Amino acid sequence: MPNRLTKEELRLKDPKYRTWGPYLGERQWATVREDYSHDGDAWSDFPFDHSKSRAYRWGEDGLAGVCDDRQLVCTSMALWNGHDDILKEKAFGVTNSQGNHGEDVKELYWYLDNTPSHSYMKYLYKYPQGKFPYKQLVDENGKRSRLEDEYEITDTDAFKDNKYFDVVFEMAKGDDDPEELFFRITAYNRGPETAPLHLIPHLVLRNTWAWGTDESHLAKPILRKVDDFTIEVDHAKFGKRYLVFAPAPGYFDHSPDVEPQLLFTENETNTKRLYNQPNKHAYVKDAFHDYIIGQDKSVVNPEEFGTKACALFSFEENGGVPPGDYVTIRYQLTRNLEDIDEYELDQVFSRRQDEADAFYWKVSPMPLSDELRQVQRQAFAGLLWTKQYYHFVHNYWSRGDPNTPKPPINRANGRNKDWTHLYIDDVLSLPDKWEYPFFAAWDTAFHCIPFAMIDPGYAKGQIDLLLREWYMHPNGQVPAYEWNFSDVNPPVHAWSAYRIYKIERKMYGVEDIDFLEKVFHKLMLNFSWWVNRKDADGNNVFAGGFLGLDNIGVFNRSEDLPTGGSLEQADSTGWMAFFSLQMLNIALELAKTRPVYQNIASKFFEHFILIADAMSHREEGGISAALWDEKDLFYYDAIRHSDNSVQSLPVRSLVGLIPLYASLTLEPELLDKFPDFKKRLEWFSNKRRAIAERNIASMDTRGVGERLLLALVDKDRLIAILDRMLNEDEFLSPYGIRSLSKYHKDHPFEMDVNGQKYVVEYLPGESDSGMFGGNSNWRGPIWFPTNFLLVEALQRFYLYYGPDLKVECPKGSGDYLNLAQCAQEIQHRLMHLFLPDENGNRACNGTNKLLNQDPLFKDYVPFFEYFDADTGRGLGASHQCGWTAVVAKWIHDNGVSCRIPKTPKTPNNRRSSVFLHDSERLVAGDDVQQFYPKSGPFPGNLMRRKSGKSLLNLTVHALDLDEEEQENQSKLSAARKLPTNGFGLATNDAFQEELSELGPTLSTTSFDSNHAPVDADLLDQIKDAFSRYKLKDDDDVSGDEFECKNF
């Protein structure tokens, strides 16, 4: 069967589909970009309380936000339950100083679906019906110490007795026009009582006119009322667009429609409220709060125009939404001024979801369990939802805008003063849109792995951007993150670029050699920066600072040592060896078609050998100065004192595992293809034999397939490190590899410096200190990025040593696995964080009964920043949908063989394990339907009730009424306030079926055994894929995943 492109794949070829997406921020307040203080205290300079009243300079935020790729026209969702003192316009959380473990969002929301072109998006927010516990959350977190858990909204009574609304937001793009945007919000009353609800879709124009910059010279955009259901958008970039609302159907079939009230104000600061100074504008940003909650009619523009607008849908009649019932509103951003066809709008959602199902099935066309497929789908959704438009121009930020007061001389305490060239104006992949609403360079590298599976073009663009001249410093440094662009992150971008290239080639058959060459030249600048700036003594042993691992060291590695001297870092040196090998990989790939790159490959080969020798075999004055400890058989950081003596810091942490990353196999056929490179390699091996033999597996005794191995560790050291790494009393957790050995639970490392005691002990959960803000912990927990690279390292070593090298896994179990099997075991343990065990509990939810067992919560998967090493409970940022989304790649690679959590581990013969399904039985005939695409929670193909206006239009169409008859029916309907199906006009059977409450639409592919028809074409594709599918052997690890191959 030909490999036909899905409709979603075809959309990705059209750049217009990327114009609109989930690019709105979730927290613009308290960001460095909006901080105009003298001391750089962003949290205090722009607190949450100011955010509803103060116009932002650099962006906008909101709930379920959708905007264009320059955040000029922004839509979002606001809510009011009739009790809160403010509208729910944005997510709330505690600040860094308010939280006992740093900043943390205190809301419940999930990203349920999204496609790479953003043709379909789905988001769930759980909105309490009672007063939101803002003060309680701040006060209770403030009372807790760093030794206690955070106080979460689920610890309050906010969801007691199910007194909340499930608010589901959906957006879909038109069939033929990617700039036709359809919106639908459905709110379900989960409580036992009737409850009022106000749904308030917002339309906001980012303030570009007030600052005196280039943007200010354009005509000021405006929003104005056209009629009771329509807002006109007049913008220099887009021309005229219309946000058109349909009446919302009432609660029951015979209830009247709920019509919107359109309100207008200006996106300008309320200086009277914030600073007790007269407002420059009659209507200001927070007007809707005062109008809706305070009932102050004077705060909105009676002439019904402005730069901020909303449509107020109030569901208050008879007390509000009945228990167990729902309400729906529909609206559309369009070029055409016309009424909404509610039936067609719902069908658009149905078609887009069908296409999303087909696309994601094709990404992983294999017999995965429903649970794993939903974890993967929600991982991709979160990854896509956390894209955001990021705007920052250092010149304006540091010196002030032409129309605003000049900032303090020592702007933000001198923050980022060396990055004057930055001009950022792009849609970027962020770690977490609330907790980390900024790009973080090394996070981005990992985000791009799952992105490469679904949208390789975007993944390549992200790496390219970080290396462009308006990001990368002229000296070659890559900017870290906005709190300090000069911090040093691990050099993972060469690895990421090459993995993107390999994934795209494997999954889509595209070999983008131009991309590789383009980024390679910029990466050489970054490599030179590392060599010149972080190898102070020129001895190939590197420093680097915290390197993204925050509090992992004895001291703050970004500051001067209290002991004096300098820190020689095993992880920094390991990272540079890894960087060298990845550059070697890319150079060899480029040399296939551009032979000149053989010489550059030789350069990185030799640089790697010198780093490897310095790290593992260096001697000074006959005394070992290496970072390898021969007694403990592990790598440690070391202090080099002013007298040139070296003091090891024996802490068993990731610092000692990272050297495993630096490994690479070279195929013999590849060496024959590159005679210049082979000649130089042989020259080096002969002329510098002592160094070569210490650091290259013998040129004479090759590995499996006659491969050559370049690695920091030889076989003995590899086995020694794995002896600790695969020991459940040290690094191996039920949920992956710990960042610090459990050995330090009973044996903390202590060091006294000038009367001050420094201690490193095993902390499986959250940090007990405020180092780096206190909101992350690398002294025990599980982190996905480092685990991902450890898994790849084991797979690369397997390529060389083959199935004969086996180690005990776990140590003491009596089970011996080859290195590919060990890698698979680690992947399964990490997948288990998100899968329900035999009792239905997901480890990532901890012991929270509501999240694990409640049928209205249990299907939603959170993707935390890191995880408790002993329990698997999610910690840190709760929507770290970037690097934690790499689990989607593992599900693709090894999900078929994954067992249920808390069942026996994968045995030597995998086929006798307890799997999530019978993966051995290739499905045939009707049995294949168990693997049919399923949409997950709140399927978009559920039909919602229609307004009376919509049903009248449908009836007119069905009966072919002429214009006069149509007018008479409209008058009759208005006079009698006819119910949704009470026009007194017969409709055909198809229409009667459509009117059934929450019945399925005419969906074609979202499989439901009770309702939906089956798409025969897609079913044939699934059967064809399964006929070719073969359960991989444990030994089936392809070098094409990691290394340059001879083809």
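Analyst: Happy to. Let's start with a pair of side chains: E8 and R11 form a salt bridge, with their closest N and O atoms 3.2 Å apart. Bear in mind that the model is predicted. In general, side chains of opposite charge can pair when their charged atoms come close. Both residues belong to helix α1, which runs over residues 7-11, and because they are 3 residues apart there, about one helical turn separates E8 from R11. This pair belongs to a set of 76 salt bridges in the structure.

Charged residues also turn up in the largest cavity, whose lining has 6 of them, along with 4 polar and 4 nonpolar residues. That makes a lining of 14 residues, and those nearest the centre are E60, D61, H202, V204 and K308. Two strands, β3 (73-80) and β10 (197-205), each give at least two residues to this lining. The space inside is about 140 Å³, and the structure has 11 cavities of 30 Å³ or more.

Finally, here is a helix pair to look at. The axes of α7 (residues 342-363) and α8 (residues 370-385) come within 11 Å and cross at roughly 110°, so α7 is roughly perpendicular to α8. Their contact has 6 nonpolar, 1 polar and 3 charged residues. On the α7 side you will find Q353, A356, D357, Y360, W361 and V363, which meet R373, R377, F380 and L384 of α8.

Note on methods
Residues numbered from 1 in each chain as written. Predicted model: local features only at pLDDT ≥ 70, side-chain atom pairs only at ≥ 80, totals over all residues. Heavy atoms only, no water. 1 Å grid on protein atoms, 1.4 Å probe; cavity = no way out; pocket = protein on both sides within 12 Å on 5 of 7 lines; lining within 4 Å. Points joined across faces, edges and corners; volume = space filled by probe spheres on them. Helix = DSSP H or I, 4+ residues; strand = E, 2+ residues; numbered from the N terminus. Nonpolar A, V, L, I, M, F, W, Y, C, P; charged D, E, K, R; others polar. Axes fitted to C-alpha atoms, helices over the stretch in contact; angles between N-to-C directions. Parallel < 35°, antiparallel > 145°, perpendicular 65-115°, else oblique. Contact = heavy atoms within 4.5 Å. Salt bridge = Lys/Arg side-chain N within 4 Å of Asp/Glu carboxyl O.
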